[in-house]
Amino acid sequence: MKIGLIGLGKMGANLAMNFKDHQHEVIGYDLSEAACESIAEKGIQVAKDMDDLIAKLDKPRVLWLMLPCGGPMDSTIDALSEKLAADDIVIDGGNSRYTDSMQHAKICANKQIRFLDCGTSGGVSGARNGACLMVGGDKSAFDVVKDALADVAVDQGMTYTGKAGSGHFMKMVHNGIEYGMMQAIGEGFQLMKESGFDYDLVEVAKNWNHGSVIHGWLMEIVQSQLEKDPDLADVVGEVDASGEAKWTVETALEKNISMPVTALSLMVRSASKDQEKFSSKMVAVMRNGFGGHNVKKKENVYE
């Protein structure tokens, strides 16, 4: 399949290479010339602008958008709605709010363009080697692209979720759960560190990641990060909050559903001013481990 990919940042560039590995022809486009040059060096064809990208695609055209939510995604979908033809397919693979995706679907439907909202999880390594995809929107569009999506997804990691907005709703709740899990792990390791016992935290993480109830990818990341810096001495314990946990809590309040763990983990991130708190440092390095999010260090920042 020939796929146009708009947005060649960490996630977009790795998805492009993943598609290419599975024999799909990818044509990329990004406002950043450096991003275009970087992906071109890896064998991905790039377009000079959006019109050029559209012209290079076969009908029905398939365009995957990997852009920041809000303004960048809104303006791109508005522009594409004026440039694409009936039956073309637009896939929002970013972290848009589900209500925005429902509106984007209406904008596209008014021009008979088919829209899919694809929640994408697994971080940078997932984008490159096998992502978890939660796909909502036009079922006929999904049927066209499902084999290509299955190619870039991890085994059994691609699900069609139903009407427009459902894919990003599922991803939103996923990220809310993720907040609670990371906060609990961070707090647990802080308690272990300050227990008065002489624990080797690398060995703790290694042990918990082999046969315990809480084993998994986050614990693998914890072990890896502690092996690099057992005390996280140079890490600033300040953790940014993405929009999705906030949206999760807001939606829960609208539906009168209690989600105290997610809500409190969001508040802790918002209040992460105690930059020496070990639990916040742990959350910061976990986010870096799966998503490549910046970690603030004393004097500088590493990615």
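**Briefing: cores, a pocket and aromatic pairs**

Phe-142 counts as buried, at 7% relative accessibility. Buried means under 20% relative accessible area, exposed means over 50%, and partly exposed lies in between (1.4 Å probe, protein chains only). This is a predicted model: local features need pLDDT of at least 70, side-chain atom pairs count only at pLDDT 80 or more, and totals for chains, interfaces and linings use all residues. Residues are numbered from 1 along each chain as its sequence is written, and side-chain values use heavy atoms, with hydrogens and water left out.

**Nonpolar cores**

- A nonpolar core is a set of buried Ala, Val, Leu, Ile, Met, Phe, Trp, Tyr and Cys residues joined through side-chain atoms within 4.5 Å.
- In soluble globular proteins, nonpolar side chains tend to be buried together.
- The largest nonpolar core has 31 residues, and Leu-5, Trp-64, Ile-91, Leu-116 and Leu-133 touch the most other members.
- Elements giving two or more residues to this core include strand 1 (2-6), helix 1 (10-21), strand 4 (62-65), strand 7 (131-137) and helix 7 (139-152).
- Helix 7 supplies the largest share of this core, six residues.
- Helices (H or I, at least four residues) and strands (E, at least two) are DSSP runs, numbered from the N terminus.
- Leaving aside neighbours within four places in sequence, Leu-133 is in contact with residues including Trp-64, Cys-118, Leu-149, Val-152 and Met-158; contact means heavy atoms within 4.5 Å.
- A second, separate core holds 22 residues, among them Ile-185, Val-204, Ala-284 and Phe-290.

**Aromatic pairs**

- Rings of Phe, Tyr and Trp (its six-membered ring) pair if their centres lie within 6.5 Å; planes under 30 degrees apart count as stacked, over 60 as edge-to-face and the rest as tilted.
- The structure has five aromatic pairs.
- Phe-19 and Trp-64 make an edge-to-face pair, 5.8 Å centre to centre with 75° between the planes.
- Phe-19 is in helix 1 and Trp-64 in strand 4, so this pair ties together parts 45 residues apart in sequence.
- Phe-19 is buried, with a relative accessible area of 0%. Trp-64 is buried too, with a relative accessible area of 0%.
- Phe-142 and Tyr-160 make a tilted pair, 4.9 Å centre to centre with 35° between the planes.
- Phe-142 sits in helix 7 and Tyr-160 in strand 8 (residues 153-162), so the pair links distant parts of the chain, 18 residues apart.
- Tyr-160 counts as partly exposed, at 27% relative accessibility.

**Second largest pocket**

- A pocket is found on a 1 Å grid over the protein atoms alone: it is an open set of points where a 1.4 Å probe fits, with protein on both sides within 12 Å along at least five of seven lines. Lining residues have an atom within 4 Å of a point.
- The second largest pocket has a volume of about 210 Å³; volume is the space filled by probe spheres set on grid points joined across faces, edges and corners.
- Its lining includes Ile-6, Tyr-29, Asp-30, Met-50, Met-66 and Pro-72.
- Helix 4 (residues 71-83) gives the largest share of the lining, three residues.
- By class, the lining has eight nonpolar, three polar and one charged residues. Ala, Val, Leu, Ile, Met, Phe, Trp, Tyr, Cys and Pro count as nonpolar, Asp, Glu, Lys and Arg as charged, and the others, Gly among them, as polar.

**Two valines**

- Val-236 is in the loop between helix 10 (217-228) and helix 11 (243-254). Val-236 counts as buried, at 8% relative accessibility.
- Val-236 and Met-282 are 46 residues apart in sequence and 10.0 Å apart in space, C-alpha to C-alpha.
- Val-173 lies in helix 8 (residues 166-193) and counts as partly exposed, at 26% relative accessibility.
- Val-173 and Gly-186 are 13 residues apart in sequence and 20 Å apart in space, C-alpha to C-alpha.
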